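Student: I would like a close look at one part of this model. Please go slowly from there to its surroundings.

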Amino acid sequence: MSDTRRRPETVAVTAGRPPHAPGAPLNEPVTFTSTFVQGGDPVYARYGNPTWSAFEEALGELEGGDCIAFASGMAAVSAVMAQVPHGGAVVVARHTYQHALLLLDEGAATGRFEVRRVDITDADAVEAALPGAALLWLESPTNPALEIADIPRLTGAAQAAGALSIVDNTFATPLLQRPLELGADVVVHSATKLIAGHSDVVLGAVVTRTPELAERIRHHRGLHGAIPGPMEVFLALRGLRTLSVRLERAASNARELARRLAGAPGVVDVRDPGFSTVLAIVLADAAAADRVVERVQLWIPATSLGGVESTLERRRRWPTEAPTIPEGLIRLSVGIEHIDDLAEDLLHALGS
Ligand SMILES: Cc1ncc(COP(=O)(O)O)c(C=O)c1O
C-alpha cells in the first residue's frame, strides 16, 4: 500500500524515513554539513539538506503539497508575502497572528503592500474586498480570537478574483484541516507549535499546491537565507511522529476544559473553536486576567502554544496585539496533562 492511500495518522509516522533496507537506520540522521562533495545534489547546505528533505516529505505528504522548511514561522510568512508584486493588495483577517499583520503594516507604510483588513467570519465582506487583490491571507482558527473562516468559499472567491489564497494552518495542523484540499494555493505553518510540539524548536514551513510556486519559494529561501538548522528539523520531525496522539489528548482536554470553564467565576466568555487545542477565556478586564495568570501554579505563563505543557497568556499585554481583542482575554494552550489537574488549577486561580 502506497503512503498516499494511508491515513494521516499513519503517514505522520511513516513518511520521510529512509528505505526499509537491511542495516538502514529507521530515522533520517541529522546531517551537519555546510557543503557537499561536488557532482551530486544538494551542492551547498543553504539549498538543501537530507534532514530537511525528510521533514519536507512528511509534512508535504500530510498537507497534500510541496513543502519547504524555513528557519521560523515568520520566515515562512515572509517568503509567501514576498510573492506579492510591489504595491499589491493583500486581504487579511484583522485578527491574524500579530506579527504577520505587523509585517504587512510595515510594508504598507513604505508602499510595498496595500493592506485590506477584514472580519474573517463575514464572508460577504471578504469577497467584497477581493477585486484587484494579489493575495488572500487566511488564518483559521485565528490567533487569538479563534474565529473560523469558510475556507472553501473564500479560496474559491480568491481564485475567481485572480488572487493567491494562503491559509496559516498552525492551529489546526494537517491532521485536523487540509487547506489545499479546500482550495487554498498555499499553507503556512509555525512548526514551532503543534508540529514540533515540545516547546524546544523554532521552525516554519510553506506547503504549495503547485511545484512551480514551490520552486519560487525555495529560490527565495536560498537567496534570502532563512534556512532551518538540521537539528531543529530533526526535532520537528520527531515531534510530528507523535502529533496524532498529542493532538487527540490535548484537544479532548480542551473540549472538557471549555465545558468546565463556562460559568466559572469571572469568566464572561469561553471561546472554543471546537477542534483545536487552543481556547480563550474572557474576563472583565486586564487586571482580572492578570490576577489569574499570576495565581496559576500548574499552567505556565508564557507566550507560544502547541507544546505538551499547558501555557496561558493575556494577549493584550502585547502592545502590537489587535485593539479589537478584549483586554481581559486569556489564550489557553492546552497540553496533555490530566484534565482534572488542569481544571483544578485554573478554577482555583479564577477563585472558585
Ligand atoms: C498562527 C501563527 N502563525 C505564525 C507564527 C510565527 O511563527 P514563529 O514564531 O515560528 O516564527 C505564529 C507564532 O506565534 C503563529 O501563532
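Student: Which residues line the largest cavity?

Tutor: First, a caution: this is a predicted model. The lining of the largest cavity consists of Leu194, Arg246, Ala250, Gly306, Gly307, Val308 and Ile336. By type, four of these lining residues are nonpolar, two are polar and one is charged. The space inside the largest cavity comes to about 30 Å³. The structure has one cavity of 30 Å³ or more. How is such a space found? A probe the size of a water molecule is rolled over the atoms, and this shows where empty space is left.

Now place the cavity in the chain. The domain assignment gives two parts, domain 1 (3-241) and domain 2 (244-350). Their centres, taken over C-alpha atoms, are separated by 26 Å. Domain 1 gives 29 residues to the contact, and domain 2 gives 26. Keep those two domains in mind as we go on.

Start with the sheet of five strands. This sheet is open, its order is S8-S9-S12-S11-S10, and its pairing is mixed. Strand S8 (269-271) and strand S10 (300-301) are the edge strands, and each pairs on one side only. Look next at strand S9 (residues 278-282) and strand S12 (residues 329-333). These two strands run antiparallel and pair over five bridges. Within that pair, Val282 is opposite Leu329 in S12.

Two helices pack on this sheet. Helix H9 (residues 243-261) touches S8, S9 and S12, and its direction makes about 15° with that of S9. Helix H10 (residues 286-295) touches S10, strand S11 (311-314) and S12. The direction of H10 makes about 155° with that of S11.

Next comes the sheet of seven strands. This one is open too, with mixed pairing and the order S1-S7-S6-S5-S4-S2-S3. Strand S1 (66-70) and strand S3 (113-118) are at its edges with a single partner strand each, so one side of each has no neighbour in the sheet. From one strand to the next, the twist averages 20°. Inside the sheet, strand S4 (residues 133-139) and strand S5 (residues 164-168) pair in the parallel sense over five bridges. Here Leu136 is opposite Ser165 in S5.

Helices lie across these strands as well. H3 lies across S1, S3, S4, S5, S6 and strand S7 (204-208). The angle of H3 to S6 is about 155°.

H3 and S6 bring us to another space, the largest pocket. Its volume is about 380 Å³. There are 26 residues in the lining of the largest pocket, and Met74, Tyr97, Asn143, Ser190 and Lys193 lie nearest its centre. Helix H3 (73-81), helix H4 (98-109) and strand S6 (186-190) are the elements that give two or more residues to this lining. The lining of the largest pocket divides into 10 nonpolar, 11 polar and five charged residues. Domain 1 (3-241) and domain 2 (244-350) each supply at least three residues to that lining.

So much for the surroundings. Return to the cavity and find Leu194, Arg246 and Ile336 among its lining residues.

Methods: Residues numbered from 1 in each chain as written. Predicted model: local features only at pLDDT ≥ 70, side-chain atom pairs only at ≥ 80, totals over all residues. Heavy atoms only, no water. 1 Å grid on protein atoms, 1.4 Å probe; cavity = no way out; pocket = protein on both sides within 12 Å on 5 of 7 lines; lining within 4 Å. Points joined across faces, edges and corners; volume = space filled by probe spheres on them. Helix = DSSP H or I, 4+ residues; strand = E, 2+ residues; numbered from the N terminus. Nonpolar A, V, L, I, M, F, W, Y, C, P; charged D, E, K, R; others polar. Domains from an automatic or database assignment. Pairing = 2+ DSSP bridges. Contact = heavy atoms within 4.5 Å. Axes fitted to C-alpha atoms, helices over the stretch in contact; angles between N-to-C directions.
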